[in-house]
Amino acid sequence: MPGVITGGLLMFVLAMTEFLVSLLLTDARTVTLPVQIYNNIRSIITPDLAAISSVFVVIALLAVWLLDRLVGLEIFLKSK
């Protein structure tokens, strides 16, 4: 369990770092997806944001399922 918590915190920090880099490197002509989502959340929440979030969740679930089929997650869950 400590490894799962540590991994989650590490991924949260890396995601925030990626967002901040995207935020700092954009200008008026170029807007990245994280910055566009952030700007939309600040102004008004639209169904587009829910659709993008749903796609990201489905991709993550498919990646976990594929890793389970190829490698087997039992190895990682049983390790101490």
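**The nonpolar patch**

Modeller: V58, L62, W65, L66, L67, L70, V71 and I75 make up a nonpolar patch on the surface, and together they have about 820 Å² of accessible area. Patch members need over 30% relative accessible area and no salt bridge, with nonpolar side chains (Val, Leu, Ile, Met, Phe, Trp, Tyr) joined within 5 Å and like charges within 9 Å. A salt bridge here is a Lys or Arg side-chain nitrogen within 4 Å of an Asp or Glu carboxyl oxygen. Areas are Shrake-Rupley with a 1.4 Å probe, and for residues only the protein chains shown count as cover.

Keep in mind that this is a predicted model: local features need pLDDT of at least 70, side-chain atom pairs count only at pLDDT 80 or more, and totals for chains, interfaces and linings use all residues. Residues are numbered from 1 along each chain as its sequence is written, and side-chain values use heavy atoms, with hydrogens and water left out.

So who contributes? Helix α3 (residues 47–70) gives the most to the patch, with six residues. Helices are DSSP runs of H or I, at least four residues, numbered from the N terminus. I75, another patch member, sits in helix α4 (residues 74–78). I75 counts as exposed because its relative accessibility is 58%, where exposed means over 50%, buried under 20% and partly exposed in between.

For contrast, look at V35 in helix α2: V35 counts as buried because its relative accessibility is 4%. V35 is 15 residues from L20 in sequence and 8.9 Å from L20 in space, C-alpha to C-alpha.

Definitions and conventions: Helices (H or I, at least four residues) and strands (E, at least two) are DSSP runs, numbered from the N terminus. Buried means under 20% relative accessible area, exposed over 50%, partly exposed in between (1.4 Å probe, protein chains only).
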